[in-house]
Amino acid sequence: MVEDLRLDSLEGVGPVTTKKLEDAGVHNIMDLIVRGPVEIAELTGMDRETAEKIVNKSRLQLVEQGLIAQEFVTATEIYKRRQEIGRISTGTECLDLLLDGGLETQALTEVYGEFGCGKTQFCHTMCVMVQKTKEEGGLDGGVLYIDSEGTFRPERVVSIAKAQGMNPEQVLEKIIVARAYNSSHQILILEEAGAVIKENNIKLIISDSAVGLFRAEYLGRGTLAGRQQKLNHFVHLLVRIAETYNCAALATNQVMASPDVFFGDPTRPIGGNVVAHTSTYRIYFKKSGKKRIARMVDSPHHPEHEVIFALSEAGVVDPEDGTKKKKAPGKKSDVSTEDIDSENIE
Ligand SMILES: Nc1ncnc2c1ncn2[C@@H]1O[C@H](COP(=O)(O)OP(=O)(O)OP(=O)(O)O)[C@@H](O)[C@H]1O
Ligand SMILES: [Mg+2]
């Protein structure tokens, strides 16, 4: 660990507090910022004011070291910081076009769609692509894969790596998989991820799926508020980590299919508003026979359009006939009529 990120480099943090923080997965002052004063107070038993002071000091220290941005900044500085944003190419022309070059760091990208639409295949492909050099469209970084559905398959990574002309053994070594068994465990993995991210030069964090466990555990409307609160915590943590560590975050979310809603109608993922409002980018995947459609939904700066891609042994790929569809906002797709319903919460 970098020396000046150590917890005990802060005034007021002694060995006892350091131990308590470390036990709770807070290993350096970056982690202090990510967790925030309320949580730090709860973890250590220190009063809120002290926790605020410590978190504030960490923030100032990180600002001084140029590791995070100041609160009051000029647009020029924001522009500069945005230029530090890395992009991970998807390895396909069509999805790179949709994403304006690839998955962004310092941002959360949510991919939602019905079962079998390719969310997990996309995650596997990105596990390989992030490891490419910058010249080749990657970030030369590792992956933290939070697998909540037990669907991570190293064999798929091997085929994709081979198709990309990469050494499969080396690629597998750089993917750290954490199997989440319940929603609390899923949150815990992320809370403790700071050290793993730094030690392994993680540039991509995947949560597949982000919502599934929460949905399964909090059935019925009676527990909805509790579920949203915990999901909210998870998603915000994911965003803060992506911003703090300059990583790309990729979260998937399943939605149900319904034949009576047209494509282009407002569709909302099962996770509800929490996920939708926090994701920087939302991409909707949809089956269309053997092909797949990806649509960029309400991005702050991408035009709303859709592209066609395919799934193969090599992961997500360009369609064979080279069709790269670009559509004007609100236009109904002529490719397929099946779609998802606008169910928000259940
Ligand atoms: N080796 C392969 N070659 C070609 N296509 C494949 C291969 N492996 C999987 N697929 C395709 O990927 C589809 C499954 O996609 P994926 O598992 O990514 O769906 P998903 O969106 O994650 O679904 P869920 O919501 O159930 O998790 C299969 O239906 C198949 O069409
Ligand atoms: Mg899946």
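Two strands count as paired if DSSP finds at least two bridges between them. Keep that in mind for this predicted model, where nine strands come together in an open sheet with mixed pairing. There's also a ligand here, ligand 1, with 13 residues around it.

**The sheet**
- Reading across, the strand order is S5-S4-S6-S7-S3-S9-S10-S11-S12.
- Strand S5 (175-179) and strand S12 (315-317) sit at the edges, so to speak: each pairs on one side only.
- On average, neighbouring strands of this sheet are turned by 25° against each other, direction ignored.

**A closer look at S4 and S6**
- Strand S4 (residues 142-147) and strand S6 (residues 202-208) run parallel, and six bridges join them.
- If you want one residue pair to look up, take Leu-144, whose bridge partner in S6 is Ile-205.

**A helix on the sheet**
- Helix H12 (residues 224-244) packs on the sheet, where it touches strand S3 (107-113), S6 and strand S7 (248-254).
- The direction of H12 makes about 155° with that of S7.

**Around ligand 1**
- Coming nearest to ligand 1 are Phe-115, Gly-116, Lys-119, Thr-120 and Gln-121.
- Helix H6 (119-129) and strand S11 (306-312) are the elements that give two or more residues to the shell.
- H6 gives the most to that shell, with three residues.
- By type, the shell divides into eight polar, three nonpolar and two charged residues.

Notes: Residues are numbered from 1 along each chain as its sequence is written. Chains are lettered from A and ligands numbered from 1 in the order in which they are written. This is a predicted model: local features need pLDDT of at least 70, side-chain atom pairs count only at pLDDT 80 or more; totals for chains, interfaces and linings use all residues. Helices (H or I, at least four residues) and strands (E, at least two) are DSSP runs, numbered from the N terminus. Axes are lines fitted to C-alpha atoms, for helices over the stretch in contact, and angles run from 0 to 180 degrees between N-to-C directions. Two residues are in contact if their C-beta atoms, placed from the backbone, lie within 7 Å. A residue is near a molecule or strand if its C-beta atom, placed from the backbone, lies within 6 Å of it. Ala, Val, Leu, Ile, Met, Phe, Trp, Tyr, Cys and Pro count as nonpolar, Asp, Glu, Lys and Arg as charged, and the others, Gly among them, as polar.
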